[in-house]
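Hi everyone, thanks for coming. Please have the viewer open, and I'll talk you through the structure on the screen.

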Amino acid sequence: MTTPDLATPAGDGGHSAADLDRAARSAGQSELLDQYARDYPQGPHDKPQSMCPAFGSLRVGLRMKRVATVLSGSACCVYGLTFVSHFYGARRSVGYVPFDSESLVTGKLFEDIREAVHKLADPDRFDAIVVTNLCVPTASGVPLRLLPDEIDGVRIVGIDVPGFGVPTHAEAKDVLAGAMLNYARKEIEAGPSQGSMMAA
Ligand code: SF4
């Protein structure tokens with residue numbers, strides 16, 4: 001199976017959802033995509049009438065106090081997402097880790113994300129950092145699950161929110177809420193010495 005060169009837009013101005021789905025599966029993301037297909041069945045809503053579905057989770061992240069958001073994705077996607085975030089009054093920065101073909105295929109993008117998270121993890125400013133893989137990094141299998149769970153008490157939550165697997169804003173909100181609840185449940189199970197994200 002050939003994997004499309006995801007960092008370079010296809011001749012028609014972009015990659016199709018089928019291309020990205022195929023690439024994600026060859027990058028080892030089949031389990032994630034199958035779970036999304038069970039959680040978010042495809043239907044008329046999988047041809048979005050609105051802008052990027054990931055805006056749903058980005059907007060929720062931007063509304064939480066002491067939470068920083070970092071996007072990993074194509075510059076054009078991030079431009080659209082930050083533009084709309086500020087249109088809706090985000091009033092704070094959206095972090096961005098850019099990539100090119102080389103950093104995508106060599107794994108350097110993941111190293112860059114990890115470095116960015118370490119720089120940002122200041123417990124005086126944040127309780128949590130949400131890192132979001134958009135379509136291309138998800139399709140390339142950038143492994144956010146390998147980020148540290150926590151740096152100096154700042155929780156690190158990595159999520160994959162590709163438009164080809166999570167078709168609507170509402171479902172993208174679910175992905176972030178689910179990841180944060182999962183994190184909180186682990187903290188609660190670990191016992192009272194740990195702070196709970198639910199109290200953050
Ligand atoms: S992240 Fe995916 S769905 Fe969102 S704008 Fe980019 S290509 Fe479209």
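Let me start with a definition: two residues are in contact if their C-beta atoms, placed from the backbone, lie within 7 Å. With that in hand, take the contacts in the protein chain between residues at least 6 apart in sequence: 71% of them join residues at least 24 apart. Please keep in mind that this is a predicted model.

Now the overall layout. The protein chain has eight helices and five strands. Reading from the N terminus, the order of elements is α-α-α-β-α-β-α-α-β-α-β-β-α. Of the 200 residues in the protein chain, 38% are buried.

Next, the ligand. Which residues are around the ligand? They are Cys52, Pro53, Ala54, Gly73, Ser74, Cys77, Gly80, Leu134, Cys135 and Gly163. By class, this shell divides into six nonpolar, four polar and no charged residues.

Let's pick one of that shell, Ser74. Ser74 sits in the loop between β1, residues 67-72, and α4. Is Ser74 buried or exposed? Ser74 counts as buried, because it has 20 C-beta neighbours inside 10 Å, and the cut-off for buried is 20 or more. Setting aside neighbours within four places in sequence, Ser74 is in contact with Leu134 and Val136, and Leu134 is itself listed around the ligand.

On to helix packing, with α3 as our guide. Helix α3 covers residues 55-63, and it packs with helix α4, residues 75-87, at an angle of about 45 degrees, the axes being 11 Å apart. That angle makes α3 oblique to α4. The crossing of α3 past α4 is right-handed. On the α3 side the contact uses Phe55, Leu58, Arg59 and Leu62, and on the α4 side Leu81, Val84 and Ser85. Those contact residues divide into five nonpolar, one polar and one charged.

The other partner I'd like to show is helix α8, residues 169-190, whose axis comes within 6 Å of that of α3, crossing at roughly 50 degrees. α3 and α8 are therefore oblique to each other, and here too α3 passes in a right-handed crossing. From α3 the contact takes Phe55, Gly56, Ser57, Val60 and Gly61, while α8 brings His169, Ala170, Glu171, Ala172, Lys173, Val175 and Leu176. Six nonpolar, four polar and two charged residues make up this contact. Do look at Phe55, which takes part in the contact with α4 and in the contact with α8.

A few words for those of you who check backbone angles. Most residues other than glycine have a negative phi. Arg66, in the loop between α3 and β1, has a positive phi, near 55 degrees. Arg91, in the loop between α4 and β2, likewise has a positive phi near 55 degrees. Arg66 counts as exposed because it has 12 C-beta neighbours inside 10 Å, and Arg91 is exposed with 8 other C-beta atoms within 10 Å.

Last stop: Lys119, in helix α6, residues 108-120. With 10 C-beta neighbours inside 10 Å, Lys119 counts as exposed. Its C-alpha atom is separated by 9.9 Å from that of Ile151, 32 residues apart along the chain.

That's my tour, and I'm happy to take questions.

Conventions
Residues are numbered from 1 along each chain as its sequence is written. This is a predicted model: local features need pLDDT of at least 70, side-chain atom pairs count only at pLDDT 80 or more; totals for chains, interfaces and linings use all residues. Axes are lines fitted to C-alpha atoms, for helices over the stretch in contact, and angles run from 0 to 180 degrees between N-to-C directions. Helices (H or I, at least four residues) and strands (E, at least two) are DSSP runs, numbered from the N terminus. Angles under 35 degrees count as roughly parallel, over 145 as roughly antiparallel, 65 to 115 as roughly perpendicular and the rest as oblique. A crossing is left-handed if the near helix is turned anticlockwise from the far one by less than a right angle, and right-handed if clockwise. Ala, Val, Leu, Ile, Met, Phe, Trp, Tyr, Cys and Pro count as nonpolar, Asp, Glu, Lys and Arg as charged, and the others, Gly among them, as polar. A residue is near a molecule or strand if its C-beta atom, placed from the backbone, lies within 6 Å of it.
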